[in-house]
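Have a look at the model first.

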Amino acid sequence: MSLYEYLYYIILPLLSISILIIFVRFLKGPSLSDRVVALDLIITSGIGVIAIYSIHTNQPTFLDIAMILALIAFLGTVAFSYYLEKREKND
């Protein structure tokens, strides 16, 4: 089994199943924090899917898209933590 077959037939279905499970957590999340963490994890899993697609098609330009998504996810997490800090100070 080559690397491409391993990525395409084992890792990609596992990532797809994990994205579905995380999406259920995103919908059911009892608190806002759970939903933000689930959204961050969905974006991170999506970055993994993009990386696998980039390796499978031998097009490294998709890695730039993955890097931009990682930056957006990081900024979203920082903005949410800033929101939580401001909310705690007002209480």
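## A buried ring and its partner

F80 is buried, at a relative accessible area of 15% (buried is under 20%, exposed over 50% and partly exposed in between, with a 1.4 Å probe and protein chains only). Y83, at 41%, is partly exposed.

## About the model

This is a predicted model, where local features need pLDDT of at least 70, side-chain atom pairs count only at pLDDT 80 or more, and totals for chains, interfaces and linings use all residues. Residues are numbered from 1 along each chain as its sequence is written, and side-chain values use heavy atoms, without hydrogens or water.

## Aromatic pairs

Rings of Phe, Tyr and Trp (its six-membered ring) pair if their centres lie within 6.5 Å; planes under 30 degrees apart are stacked, over 60 edge-to-face, and the rest tilted. That rule gives four aromatic pairs. One of them is edge-to-face because the rings of Y53 and F62 have planes at 70 degrees, with centres 5.2 Å apart. Y53 is partly exposed at 45% relative accessible area, and F62 is partly exposed at 23%.

F80 and Y83 make a tilted pair, with 6.3 Å between centres and 35 degrees between planes. They sit three residues apart in helix α3 (residues 62-90), so about one helical turn separates them.

## Helix α3

Helices here are DSSP runs (H or I, at least four residues), numbered from the N terminus. With 29 residues, α3 reaches 43 Å from first to last C-alpha, close to the expected 42 Å (1.5 Å times one less than its number of residues). Its buried residues include A66, A73 and L84, and α2 (32-57) is among what covers the buried residues of α3.

Note on methods: Helix = DSSP H or I, 4+ residues; strand = E, 2+ residues; numbered from the N terminus. Contact = heavy atoms within 4.5 Å.
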